[in-house]
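Dear colleague,

I am passing on the structure we spoke of, with some notes on what I found in it. Please read them with the model open beside you.

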Amino acid sequence: MEVKVCIGSACHLKGSYDVIEKLKSLLERDGLTDKVALKGSFCLGNCGDHVTVSIDGEIVNASPETIESIYDERIKSKINV
């Protein structure tokens, strides 16, 4: 699975580095670092009110406060199927 987090200017200001750090922590906690390629990416073309995250090409809006539920629903659950 490939997860990209936008680190462009707009997303940076909305907390993209906090989102990345939280994802890294969750992946390490669950032992999934070898199953998920976590990458930073410049603009993913979805500038708005949130940090843009691409999960296997599916664009989702995240924040440091919502990334754990997104991780549980869209990353962890798909790998553990």
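In what follows, a residue is called buried when its relative accessible area is under 20%, and exposed when that area is over 50%. Please also keep in mind that this is a predicted model.

With that cut-off, the buried residues of helix 2 are Ser16, Val19, Ile20, Leu23, Leu26 and Leu27. They cover an arc of only 130° around the axis, and therefore sit on the same side of helix 2. What do these buried residues of helix 2 pack against? Their partners are strand 1, helix 1, strand 2, strand 3 and helix 3, while the face turned away from the buried side of helix 2 carries the exposed residues Asp18 and Glu28. Just after helix 2 comes Gly31, which takes a positive phi of about 65°.

Turning to the sheet, you will find four strands in the order 2-1-3-4, forming an open sheet with mixed pairing. Strand 2 (37-41) and strand 4 (58-62) stand at the edges, and because each has a single partner strand, one side of each is left without a neighbour in the sheet. From one strand to the next, the twist averages 25°. Strand 1 and strand 2 run parallel and are joined by five bridges, and in this pair Cys6 stands opposite Ser41 of strand 2. Helix 2 (residues 16-29) packs on the sheet, where it touches strand 1, strand 2 and strand 3 (51-55), and its direction makes about 155° with that of strand 1. Helix 3 (residues 67-79), for its part, lies across strand 1, strand 3 and strand 4, and runs at about 155° to strand 4.

One further residue deserves a look, namely Gly8, which lies in the loop between strand 1 (2-6) and helix 1 (9-13). Is Gly8 buried or exposed? With a relative accessible area of 11%, which falls under the 20% cut-off, Gly8 counts as buried. Once its neighbours within four places in sequence are left aside, Gly8 is in contact with Ser41 and Phe42, and Ser41 is the residue of strand 2 that stands opposite Cys6. Gly8 and Gly31, by contrast, are 23 residues apart in sequence and 28 Å apart in space, taken from C-alpha to C-alpha.

Methods:
Residues are numbered from 1 along each chain as its sequence is written. This is a predicted model: local features need pLDDT of at least 70, side-chain atom pairs count only at pLDDT 80 or more; totals for chains, interfaces and linings use all residues. Side-chain values use heavy atoms; hydrogens and water are left out. Helices (H or I, at least four residues) and strands (E, at least two) are DSSP runs, numbered from the N terminus. Buried means under 20% relative accessible area, exposed over 50%, partly exposed in between (1.4 Å probe, protein chains only). Contact means heavy atoms within 4.5 Å. Two strands pair if DSSP finds at least two bridges between them. Axes are lines fitted to C-alpha atoms, for helices over the stretch in contact, and angles run from 0 to 180 degrees between N-to-C directions. The arc is that of the directions from the helix axis to the C-beta atoms.
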